[in-house]
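Please find below some notes for a colleague who is new to this structure.

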Amino acid sequence: MMKKLMITLSIAAALTSGGASMASEYTVYVVRHAEKAVAESDPPLNEQGQSRAELLAQMLSKAQIMAIYSTPYQRTQQTAKPLAEQLGLSVQSYKPAASESLVARVHAQAENTLVVGHSNTVPSIVQQFGFEVADLTEQDYGDLYVIHINDKKRSLLRFVVPAFAH
């Protein structure tokens, strides 16, 4: 009985010991900003976009996100804001033209992350994680790319965040 208990304790200790020996595993969520108002150089979200941003926050509330990145524009910041507030995180800004350094930073941190971008940057960001995806048009809102990464493989899922919760 004592030998069985010691083996069980050894296995439990191995499973709960520090993460240095465990595989690096994390998920990156990449989304385009939600619907924006028209006719402004830095437009905010419109009402439909605000609803979509709130629903995104609900969808990702239990995803154990540890970092949120957004370009400095109102529409991307406002898309990230509901989740950031819910999780008590700050939204970290990145330059749209600097997506390579952003992807490198996300890889280095190796933690669950949300990245909010634009129709012309989201496909490039997803491609930098190793996946080919179609370009987004100005009418494409709500595409949520879920990139799961571990030491042995990567996977990509694509979801749509609806505009309104019913």
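1. In this predicted model, helix α4 spans residues 99–109, and its buried residues are Ser-99, Leu-102, Val-103 and Val-106. Viewed down the axis of α4, these residues fall within an arc of 95°, so they line one face of the helix. Glu-100 and Ala-108, on the other side of α4, are exposed.

2. The partners of the buried residues of α4 are both strands and a helix: they pack against β1 (25–32), β2 (67–70), β4 (113–117) and α5 (122–128). Following α4 comes Ala-110, which has a positive phi, near 50°.

3. The loop between β4 and α5 contains His-118. Is His-118 buried or exposed? Its relative accessibility is 7%, and because buried means under 20%, His-118 counts as buried.

4. The side chain of His-118 forms a polar contact of 2.7 Å with the side chain of Thr-71. Leaving aside residues up to four places away in sequence, His-118 touches Arg-32, His-33, Thr-71, Tyr-73, Arg-75, Thr-76 and Pro-123.

5. A further point concerns a pair of helices. Helix α2 (residues 47–60) packs with helix α3 (residues 74–87) at an angle of about 40°, and their axes are 8 Å apart. The two helices, α2 and α3, are therefore oblique to each other. The crossing in which α2 passes α3 is right-handed.

6. Which residues meet where α2 and α3 pack? From α2 come Ala-53, Glu-54, Leu-56, Ala-57, Gln-58 and Leu-60, and these meet Gln-78, Thr-79, Pro-82, Leu-83 and Gln-86 in α3.

Technical notes:
Residues numbered from 1 in each chain as written. Predicted model: local features only at pLDDT ≥ 70, side-chain atom pairs only at ≥ 80, totals over all residues. Heavy atoms only, no water. Buried < 20%, exposed > 50% of the residue type's maximum accessible area, 1.4 Å probe, protein only. Helix = DSSP H or I, 4+ residues; strand = E, 2+ residues; numbered from the N terminus. Arc of directions from axis to C-beta. Contact = heavy atoms within 4.5 Å. Polar contact = N/O pair within 3.5 Å; in protein donor to acceptor, adjacent residues only side chain to side chain. Axes fitted to C-alpha atoms, helices over the stretch in contact; angles between N-to-C directions. Parallel < 35°, antiparallel > 145°, perpendicular 65-115°, else oblique. Left-handed = near helix turned anticlockwise from the far one by under 90°.
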